[in-house]
Protein chains: 2
Amino acid sequence: MAKDKKLVEAITSMDTDFAQWYTDVVKKAELIDYTSVKGCMVIKPAGYAIWENIQKELDARFKATGVENVYLPMFIPESLLQKEKDHVEGFAPEVAWVTHGGLEPLQERMCVRPTSETLFCDFYAKEVQSYRDLPKVYNQWCSVVRWEKTTRPFLRSREFLWQEGHTAHATAEEAQERTIQMLNVYADFCEEVLAIPVIKGRKTDKEKFAGAEATYTIESLMHDGKALQSGTSHNFGDGFAKAFEIQYTDRDNRLQYVHQTSWGMTTRMIGAIIMVHGDDSGLVLPPRIAPVQVMVIPIAQHKEGVLDKAYAIREELLKAGFRVKADDSDKSPGWKFSEQEMKGIPVRIEIGPKDIEAGQAVIVRRDNREKTIVSLDELAGKLAEVLDTMQKEMLERARAHRDAHTYDVTDYGEFVKTLEEKPGFVRAMWCGDQACEDKIKEETAATSRCMPFEQEKLSDTCVCCGRPAKAMVYWGKAY
Amino acid sequence: MAKDKKLVEAITSMDTDFAQWYTDVVKKAELIDYTSVKGCMVIKPAGYAIWENIQKELDARFKATGVENVYLPMFIPESLLQKEKDHVEGFAPEVAWVTHGGLEPLQERMCVRPTSETLFCDFYAKEVQSYRDLPKVYNQWCSVVRWEKTTRPFLRSREFLWQEGHTAHATAEEAQERTIQMLNVYADFCEEVLAIPVIKGRKTDKEKFAGAEATYTIESLMHDGKALQSGTSHNFGDGFAKAFEIQYTDRDNRLQYVHQTSWGMTTRMIGAIIMVHGDDSGLVLPPRIAPVQVMVIPIAQHKEGVLDKAYAIREELLKAGFRVKADDSDKSPGWKFSEQEMKGIPVRIEIGPKDIEAGQAVIVRRDNREKTIVSLDELAGKLAEVLDTMQKEMLERARAHRDAHTYDVTDYGEFVKTLEEKPGFVRAMWCGDQACEDKIKEETAATSRCMPFEQEKLSDTCVCCGRPAKAMVYWGKAY
């Protein structure tokens, strides 16, 4: 038992130091390792398997809406990056520059893509000639680089993995439709698969993407009350099209600019899973995204028939379509429980001599430790129910936590006090002026997260300046 | 018909100019597009979908042997690259160097990975402590950069996609076993899925990977008689382990070095598919790798019921598990046939008013244009047979072509003449001395492709110097 304790005690408690707890989980659940390049990490098998499941789920949802995958180069010549003014201003300060190829200096330096709008525009300018060539609905899975000063595993790393969708349409309406369609794909994926509830809304001009006409976002709340931007979808209008001369001839033989969108989701969602669902025993993975859903743990495995029964259960459940492993190592059951909990495996099945005699097994949920004694005849069916219930309850619990940490405020003094004392979202009215956003950020460190699609009128005036209000905004401190 | 002709005539004939034919197919089958960075290409949907199928097939085969996927950074600090002497000499001349992060120069420049041995070694040095930590059998899917002077789509590009497996083992035997196991995975994949026959063998020291103890390869022959190295698997022994100090304590508590392997396959296999199976009408995709296996093409689609029947056939075949599309565009059937052929879709199903009346459809194979008239009741079953037969015959045809272009030679004059006049593999004996390889390369431009596992004794002496022979070697001009 000393060993078991050691494993558990090695994690800092969430309430003591949330940042340290996060780092501990990331390491102890074997999701990542640090490398000799600051801000670049190794994503280890347990972490990468989560990303593979995210890819599989998202990719299928994308393809169901007509998305096709492509791959564009990782290098952007400096002159190409500079074609759209706002875009280059937004990204140039944080790109990595390649200056030499082999032993020779390059004629023009190139950056490693921080995002690929400019490359897609260059590509579309050649590909799109006629209305028959539209729409283009392309996506790529790749890594991108942003030379950030402060880095944290998954949440903010200098290189990260993501997908970036880039589309070109004949009309503004179609571009807007696609922008919202993809935001909805992200929102549904987060809620249905990751059990993370999200607020859908639009970013203010201050917070929108460099070069976009409008940025839409899904915002989620972490356990510590900080917000996380979880996916964005941008409508570019024809701004990039004009900068890159992406034109097509319409049915009436007139030259028109295309209307574009882009949308992305990244490995930071693994950070979100950790911070929304984790607890002081480690990671808790929602069943639908967990690479291993069930760990079969034999009790008193030296006794005759126990290991065989554990293997038989594993085989039966694999056949039934669950992702299952059995822990037949020479560690103690208590140690195995701790490991299964640390790694966030949604349920364990305990099976010992007495269980076998009684023709039963014990299913233990990772999230609330609820035990269910199940007849071995009904194991697969009951397991499906337990995982299903767990998935639903994890979403409900996260939603309840978010709602309990969302505050409506109309008075500026209370606004500042709430942001200082109560971690969470603050909903308040805003006049639409960036000066108020700047003031709020300076005085509270909070930013406008979004103007939610579901608007409410909390009062007539801006919480900050008292002038007439234009929109209700979610405010919060963010990762 | 004028339009149909134009589409077909746009390809150069293979016999006229194979290199130009290749470039034409790559463009006209819409696999890639060029970009403003020389040697970097856009892989378009039709090309990327082939890569996705390659990934899916290979990844499943890897995982069945216990491989786990990970992701390591794309940057390698210069000091890390330099740790293994042979390795840095092999790669330093062709890497891209990052010198600035954001607005500031880096303290130490980094290269974009040309391959990740050094990163995996750095990682394993921390991860591996005890025999309990072994083996490590990791793989990553990513892009790598090699700043080549001469580039060609898929075959040699400055950035390309691949997978790289990197393993660490307790013993030399286990490392050697894994090296050969993965070579066999590649060989089986090429023959079973890509219908490309391969020669398995070992590289000479001159041709082996920078830093490897032994490199194993699968070599295939393109339609023009040039060889293509199609996959390699390296045994590093403990060379990298010593350079990077990757040590573990064994069961007897003694410190030991690990033994390592690495193995990779790349997007150049798309080039191999084109050059092994393509013809003067364009691409020909083996059914098992084709993103679209069947194109349903309605004849006289303006007549009542024709389009509906085409859609019904598509739905039926989709349900039966085939990858199917129907071409309901307003182009002529002849134009649609040309397009389907250019894109290499394995079969088309022609369905017109007379077919419907007779309760039948026509299946046309892409590779040999063979037509089969099939009763609509038996369509799915017959289609499966046709695709199956086509897959097998494509492999057989490629094997027959390779065998017909493989020459056994014992005399040096004949050796030089054969390499000059007859494109293909030349099998000849070799003394084991690199001087003979150098001479042969200088005088014929051919290189030793491999020492095949299946050795034959063609004569007692080296074809080049006349000294006693040590091995039979496949020689050839290569991509």
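1. In chain B, strand β9 (residues 199-202) and strand β10 (residues 214-221) run antiparallel and are joined by 4 bridges, and within this pairing B:G201 stands opposite B:T217 of β10(B). Strands here, like helices, are DSSP runs numbered from the N terminus, with at least two residues (E) for a strand and at least four (H or I) for a helix; two strands are taken as paired if DSSP finds at least two bridges between them.

2. On provenance, this is a predicted model, in which local features need pLDDT of at least 70 and side-chain atom pairs count only at pLDDT 80 or more, whereas totals for chains, interfaces and linings use all residues. Residues are numbered from 1 along each chain as its sequence is written, while chains are lettered from A and ligands numbered from 1 in the order in which they are written.

3. The β9(B) and β10(B) strands belong to an open sheet of 11 strands in chain B, with the order β3-β7-β8-β14-β11-β10-β9-β22-β23-β21-β20 and mixed pairing. Its edges are formed by β3 (68-69) and β20 (406-408) of chain B, each of which has a single partner strand, so one side of each is left without a neighbour in the sheet.

4. In chain A, strand β8 (residues 159-169) has 9 of its 11 residues buried, so it is largely enclosed by the rest of the structure; a residue is called buried if 20 or more other C-beta atoms lie within 10 Å of its own, exposed if 12 or fewer, and partly exposed in between, with C-beta atoms placed from the backbone. Strand β7 (residues 136-145) of chain A pairs with β8(A) in the antiparallel sense over 10 bridges, A:W141 having A:Q163 as its bridge partner in β8(A). Strand β14 (residues 259-266) of chain A also runs antiparallel to β8(A), to which 8 bridges join it, and here A:A168 stands opposite A:Q260.

5. A second open sheet to consider in chain B has 5 strands in the order β16-β15-β17-β18-β19, again with mixed pairing. The edge positions are held by β16 (324-326) and β19 (371-375) of chain B, each with a single partner strand, so one side of each lacks a neighbour in the sheet. From one strand to the next the twist averages 25 degrees. Strands β17 (residues 347-351) and β18 (residues 360-365) of chain B pair in the antiparallel sense over 4 bridges, with B:V364 in β18(B) as the bridge partner of B:R348.

6. Two helices lie across strands of this sheet. Helix α11 (residues 333-342) of chain B lies across β15 (294-298) and β17 of chain B and runs at about 170 degrees to β15(B), whereas helix α13 (residues 379-404) of chain B lies across β15, β17, β18 and β19 of chain B, at about 10 degrees to β18(B). The angles run from 0 to 180 degrees between N-to-C directions, the axes being lines fitted to C-alpha atoms, for helices over the stretch in contact.

7. The largest nonpolar core has 285 residues, and A:V296 and B:V296 have the most contacts inside it; such a core is a set of buried Ala, Val, Leu, Ile, Met, Phe, Trp, Tyr and Cys residues joined through C-beta atoms within 7 Å. Apart from neighbours within four places in sequence, A:V296 is in contact with A:A310, A:I313, A:R314, A:V324, A:A326, A:I349 and A:I351, where contact requires C-beta atoms, placed from the backbone, to lie within 7 Å. A:V324 lies in strand β16 (residues 324-326) of chain A and is buried, with 22 other C-beta atoms within 10 Å.

8. As to the assembly, 41 residues of chain A are in contact with 41 residues of chain B. On the side of chain A that touches chain B, β5(A) gives the most, with 6 residues.
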